[in-house]
Amino acid sequence: MAQYARGAAAVAVIRLRNPPVNALSWLLVTEPLISFSLTVLQALEDGLKRADADPSVKAVTICGENGKFSAGADIRGFSSPRKQGLGLGPIVSLIERSEKPVVAAIEGIALGGGLEVALGCHYRIAHVQARMGLPEVTIGLLPGAQGTQRLPRLVGVPAALDLITTGRHIPATEALKLGLVDEVVEENTVEAAIRLANKLIGQPLGPRRLSLKPVPKLPNMEAFLSEALAKVKKRAQGCLAPELCVQAIKAATEQPFADGVRKEQELFNILLTSGQAKAMQYAFFAERAVEKWTTPSGASWKSASPQPIRKAAVIGLGTMGRGIVTSLVKAKIPVVALEQNLEYLNMGRNAVMLLLEREAMKMEQGAQALDFHNPARLQFAVDFDVLRDVDLVIEAVFENMALKKEIFSNLSRICKPEAFLCTNTSALNIDEIASVTGRPQQVIGMHFFSPAHVMRLLEIIYGRQTSPTTIATAMQLAKVMKKVGVVVGNCFGFVGNRMMFPYSQQAVFLLEEGSRPEDVDQALEDFGLKIGPFRMSDLAGLDVGWRSRKDQGLTGPSLAPGTPARQRRGYRYSPLPDLLCEKGRFGQKTGKGWYEYEKAGGRTAKPDPWVHSFLCEYRNAHQIKTRFIDQEEILERCLYSLINEGFDILAEGIASGPEHLDVVYINGYGWPKHRGGPMFYASTVGLPNILAKLQKYSEIHPDIPQLRPSAFLKKLVAMGSPLLNDWMSHLHKQSNKL
Ligand SMILES: CC(C)(COP(=O)(O)OP(=O)(O)OC[C@H]1O[C@@H](n2cnc3c(N)ncnc32)[C@H](O)[C@@H]1OP(=O)(O)O)[C@@H](O)C(=O)NCCC(=O)NCCSC(=O)CC(=O)CCCCCCCCCCCCC(=O)O
Ligand SMILES: NC(=O)C1=CN([C@@H]2O[C@H](COP(=O)(O)OP(=O)(O)OC[C@H]3O[C@@H](n4cnc5c(N)ncnc54)[C@H](O)[C@@H]3O)[C@@H](O)[C@H]2O)C=CC1
């Protein structure tokens with residue numbers, strides 16, 4: 001609701017109140033101390049009307065409870081049935097039309113509909129620590145309460161386009177430079193706003209009503225907007241909202257305010273009913289849901305307390321270690337970085353310094369804020385003795401069990417007893433690594449994604465003996481590093497890489513059957529994935545998987561003589577990636593892989609005629625009949641096999657819900673957020689459809705076990721395909737149809 005009070009003699013104060021973020025709910029909010037329920041919007045409207053009707057009130061201040069203006073519309077409300085009556089746009093108009101000056105006192109956050117309310121006010125004062133933005137685009141919408149029409153009138157088209165199409169939050173100081181706020185204060189913002197409101201009494205308000213102002217002209221507006229549209233579409237990869245945001249702003253430049261508002265509503269409704277908004281709002285809540293972790297043994301975020309990490313260490317400064325060090329320094333945690341010898345240490349140090357210099361350049365106070373030249377903040381060493389006083393170690397050495405065990409055994413001996421020992425392994429067994437330490441309860445997997453200082457995902461893998469405190473500490477550290485921690489169980493490849501395996505495997509099988517790498521990549525990139533499997537493999541390096549397959553005895557000298565080329569352990573196997581590696585084609589690093597590049601280390605993938613003829617020869621040699629494979633089959637085989645593995649992961653209790661898998665895929669594997677993650681996507685395709693397709697492909701390819709439908713998927717279908725939220729409650733229920 002909103003509380004109405006008198007701030008000073010002639011100023012009414014309307015305080016938005018709906019904890020925790022003062023969302024502008026059109027759902028009923030029940031106040032514990034009063035006997036009726038009121039929506040926040042209704043209460044805001046009532047407050048405005050009351051101020052208007054009271055002749056002793058000469059001005060109004062709008063603020064939010066608990067130091068937060070408002071996080072905007074209540075996102076949960078978008079998926080609930082439409083309530084007739086109040087909308088936010090008409091209330092913003094009501095504020096603007098007021099004959100009494102209205103001042104917004106912005107503390108904490110003014111986001112989305114919250115900022116639109118402030119844009120309706122005649123003046124805006126912000127606290128220096130406040131943040132503002134129109135993040136609707138990130139939840140598949142556009143600012144639908146006249147924000148696309150008012151903001152360009154206030155800050156001009158280029159700034160409005162930037163804010164509305166990226167959804168970024170800006171600090172008060174930037175808002176002041178843009179003219180979004182009139183004043184930034186360090187003192188009590190509400191008191192400052194009341195003082196200003198008092199001064200404004202009797203002054204003309206016409207020039208302060210944004211709907212009456214023209215949009216500032218640009219000499220080349222049309223060309224500017226078409227260029228912006230092209231850029232935004234390219235970046236959006238199939239997500240509709242950014243494009244419609246541009247269209248709404250374009251309407252502001254071409255039409256009178258009222259017509260622009262009608263266009264905004266029309267575009268908003270398209271987005272609201274597009275399905276993409278639902279997926280993106282699911283993703284918003286999924287990210288918050290995974291913070292509330294639980295494990296099958298009953299440990300949970302509620303009862304476990306994280307330990308403070310005052311100093312950390314990273315071992316191994318290769319591809320991953322250097323990014324991890326950078327993330328810790330950015331999080332202002334003092335770090336010790338270790339390598340195996342001075343030569344590697346110098347290489348690692350140079351790489352880390354380069355990354356930090358680049359990060360500092362992006363920051364307002366730059367290098368000064370990070371202070372990474374200070375040895376108390378960042379120290380490099382080769383001697384493990386420096387680890388005696390650290391609170392947590394992250395190991396990022398080669399993916400080799402024997403080496404990791406040697407390191408953990410040393411760590412267990414050298415580090416103080418309460419220190420946490422973490423491994424960045426991408427697939428190895430956490431319990432086996434923990435077994436060589438005297439403190440398995442303090443051993444945990446912290447699986448970063450490359451590049452580690454950029455990617456938001458952090459898979460946090462608990463072993464059999466990992467304590468709840470260790471999990472809580474790793475989760476807290478993820479948060480401090482501004483990463484999304486997802487707690488998962490211990491199995492080969494954990495969640496992300498385990499689901500990736502059948503997907504990549506299908507991609508290669510499709511090449512055997514007739515596709516080209518660029519066909520498969522294109523289909524998946526058109527679906528919205530940031531990068532297709534072959535471009536990804538070239539980027540990561542084909543040698544990484546090759547080494548792992550050799551370690552598993554699937555290829556290389558340990559393969560038993562006489563093993564059929566396309567079969568391992570009785571199932572289908574494709575030696576194609578191994579054959580490429582044998583020819584030295586490791587991807588971008590060697591200038592050749594599934595594609596060819598301009599040079600070793602080049603980035604531009606070009607379809608390679610050599611690969612095409614190599615594939616033809618391979619098919620001929622193995623008497624595989626080439627056929628045309630359409631986009632539909634490429635998508636179904638790659639994506640449904642990945643989803644199928646996801647159902648097995650859920651059934652085994654490796655992840656505690658489908659939203660965990662979805663958060664992993666959106667934040668670590670470039671899955672398009674507007675499709676909500678693989679498990680959400682499965683729920684939109686319909687579980688019976690996924691099951692039917694898997695059954696079909698599995699009948700055609702009985703030698704590929706990954707296409708055999710998961711028992712859990714079958715069970716859910718037999719139970720009538722419950723909603724995604726209910727899947728886990730059916731895990732242990734008996735189905736009489738099975
Ligand atoms: C605000 C944050 C920056 C805070 O971050 P942090 O401190 O890290 O805390 P969190 O864990 O993220 O959040 C805490 C807690 O709050 C929940 N929450 C946060 N924001 C919202 C929200 N906007 N709505 C609901 N709940 C919210 C969050 O889930 C947490 O709770 P938990 O999940 O239980 O743990 C950060 O949270 C953030 O960035 N929030 C999102 C901000 C945002 O995206 N705002 C934009 C909202 S959309 C909007 O404003 C749209 C508009 O422009 C107005 C549209 C006008 C509508 C016109 C037509 C509508 C037609 C459809 C309906 C018809 C009904 C009618 O007729 O009226
Ligand atoms: N490269 C990637 O994309 C990802 C890798 N990982 C995992 O991260 C770990 C590291 O991988 P990368 O960084 O790619 O490897 P890398 O080969 O780039 O770097 C490993 C580093 O460890 C150092 N090292 C080896 N033995 C050491 C010792 N005894 N003491 C100190 N340092 C030592 C090496 O000198 C080297 O610099 C592996 O477990 C890998 O599986 C996890 C996620 C992604």
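Me: How much space lies in the second largest pocket?
Reply: About 650 Å³. Keep in mind that this is a predicted model.

Me: Which residues are closest to the centre of that pocket?
Reply: Lys 278, Tyr 282, Phe 680, Leu 724 and Asn 725, out of the 21 residues that line the second largest pocket.

Me: And which elements give two or more residues to the lining?
Reply: Helix 11 (276-289), helix 25 (658-668) and helix 26 (678-685) do. Helix 11 gives the largest share, with six residues.

Me: How do the lining residues divide into nonpolar, polar and charged?
Reply: For the second largest pocket, ten are nonpolar, eight are polar and three are charged.

Me: OK, which domains does the lining draw at least three residues from?
Reply: Domain 1 (2-264) and domain 2 (275-295 + 629-738) each supply at least three residues to the lining of the second largest pocket.

Me: Zooming out, how is the chain divided into domains?
Reply: Besides domain 1 (2-264) and domain 2 (275-295 + 629-738), there's domain 3 (312-488) and domain 4 (515-621).

Me: What distance separates the centres of domain 1 and domain 3?
Reply: 42 Å, with the centres taken over C-alpha atoms.

Me: New topic: at what angle do helix 3 and helix 4 cross?
Reply: Roughly 55°, and the axes of helix 3 (residues 113-120) and helix 4 (residues 147-155) come within 10 Å. Helix 3 and helix 4 are therefore oblique to each other.

Me: Is the crossing of helix 3 and helix 4 left-handed or right-handed?
Reply: Left-handed.

Note on methods:
Residues numbered from 1 in each chain as written. Chains lettered and ligands numbered in written order. Predicted model: local features only at pLDDT ≥ 70, side-chain atom pairs only at ≥ 80, totals over all residues. Heavy atoms only, no water. 1 Å grid on protein atoms, 1.4 Å probe; cavity = no way out; pocket = protein on both sides within 12 Å on 5 of 7 lines; lining within 4 Å. Points joined across faces, edges and corners; volume = space filled by probe spheres on them. Helix = DSSP H or I, 4+ residues; strand = E, 2+ residues; numbered from the N terminus. Nonpolar A, V, L, I, M, F, W, Y, C, P; charged D, E, K, R; others polar. Domains from an automatic or database assignment. Axes fitted to C-alpha atoms, helices over the stretch in contact; angles between N-to-C directions. Parallel < 35°, antiparallel > 145°, perpendicular 65-115°, else oblique. Left-handed = near helix turned anticlockwise from the far one by under 90°.
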